[in-house]
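Here is my note for your review. Please read it with the model open beside you.

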Amino acid sequence: SCKEVRVVSHNIMPSALQRSGLANGIRDLVNQIEERVIKTSLLIEGFDERLDANTETVLYRVVQESVNNVLKHADATRLDVCMIKEGGNISITLEDNGKGFDTGNASFHGMGLKNILSRINYLKGTVEWSSSPGKGTLVAIHVPYQPA
């Protein structure tokens with residue numbers, strides 16, 4: 001039970017995120033995925049400086065939820081994650097080659113996706129899901145960001 005509490009507490013606030021920022025937190029998250037489960041690629045550009053802690057936490061949670069959705073539901077063999085901060089914008093894409101889903105279906109609006117949407121809305125950003133059965137899924141996130 002001690003080990004379980006430790007895992008849960010690290011998932012609540014990963015030490016890499018606290019210690020060295022969003023880019024390293026996402027690197028650790030993606031690196032934890034076993035290659036025998038799904039092949040991953042990660043591209044991170046422009047995150048030379050830390051973002052404010054609130055923005056880092058929200059974006060980490062959104063990426064974490066999106067990755068978990070791929071692992072739980074997509075039956076994918078490939079996941080590509082791209083994070084780019086350029087000028088006053090942050091773009092994050094996650095693309096898998098899984099089974100996809102019908103974005104017009106009522107079950108598409110589950111709690112996990114609602115949480116992603118509300119978190120990105122909080123940052124005054126947008127999130128779009130592009131998917132159809134048998135075609136994989138692309139999640140595109142855009143957030144304006146100006147350092148305080």
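**Notes on the predicted model**

1. Lys124 counts as exposed, at 69% relative accessibility. Exposed means over 50% relative accessible area, buried under 20%, and partly exposed in between (1.4 Å probe, protein chains only). Lys124 lies in the loop between α5 and β4 (126-131). Its phi is positive, about 65°, although Lys124 is not a glycine. Most residues other than glycine have a negative phi.

2. This is a predicted model: local features need pLDDT of at least 70, side-chain atom pairs count only at pLDDT 80 or more, and totals for chains, interfaces and linings use all residues. Residues are numbered from 1 along each chain as its sequence is written, and side-chain values use heavy atoms, with hydrogens and water left out.

3. Asp75 also has a positive phi, near 55°, and is a residue other than glycine. Look for Asp75 in the loop between α4 and β2 (78-86). Asp75 is exposed, with a relative accessible area of 61%.

4. The chain has five helices and five strands. Helices (H or I, at least four residues) and strands (E, at least two) are DSSP runs, numbered from the N terminus. From the N terminus on, the order is α-α-α-β-α-β-β-α-β-β.

5. How do α4 and α5 cross? The axes of α4 (residues 53-74) and α5 (residues 111-122) come within 10 Å and cross at roughly 155°. That makes α4 roughly antiparallel to α5 (angles over 145 degrees count as such). Axes are lines fitted to C-alpha atoms over the stretch in contact, with angles from 0 to 180 degrees between N-to-C directions.

6. On the α4 side, the contact is made by Asn54, Val58, Leu59, Arg61, Val62, Glu65, Ser66 and Asn69. On the α5 side, Gly112, Leu113, Ile116, Arg119, Ile120 and Tyr122 take part. Contact means heavy atoms within 4.5 Å. The residues of this contact divide into seven nonpolar, four polar and three charged.

7. Ser66 lies in helix α4. Ser66 counts as buried, at 5% relative accessibility. Leaving out residues up to four places away in sequence, Ser66 touches Leu94, Ile116 and Val139.

8. Now the whole chain. Buried residues make up 41% of its 148 residues. Among contacts with a separation of 6 or more, 67% come from residues 24 or more positions apart. The chain exposes about 8,700 Å², and carbon and sulfur atoms supply 51% of it. Such areas come from the Shrake-Rupley method with a 1.4 Å probe.

Technical notes. Angles under 35 degrees count as roughly parallel, over 145 as roughly antiparallel, 65 to 115 as roughly perpendicular and the rest as oblique. Ala, Val, Leu, Ile, Met, Phe, Trp, Tyr, Cys and Pro count as nonpolar, Asp, Glu, Lys and Arg as charged, and the others, Gly among them, as polar.
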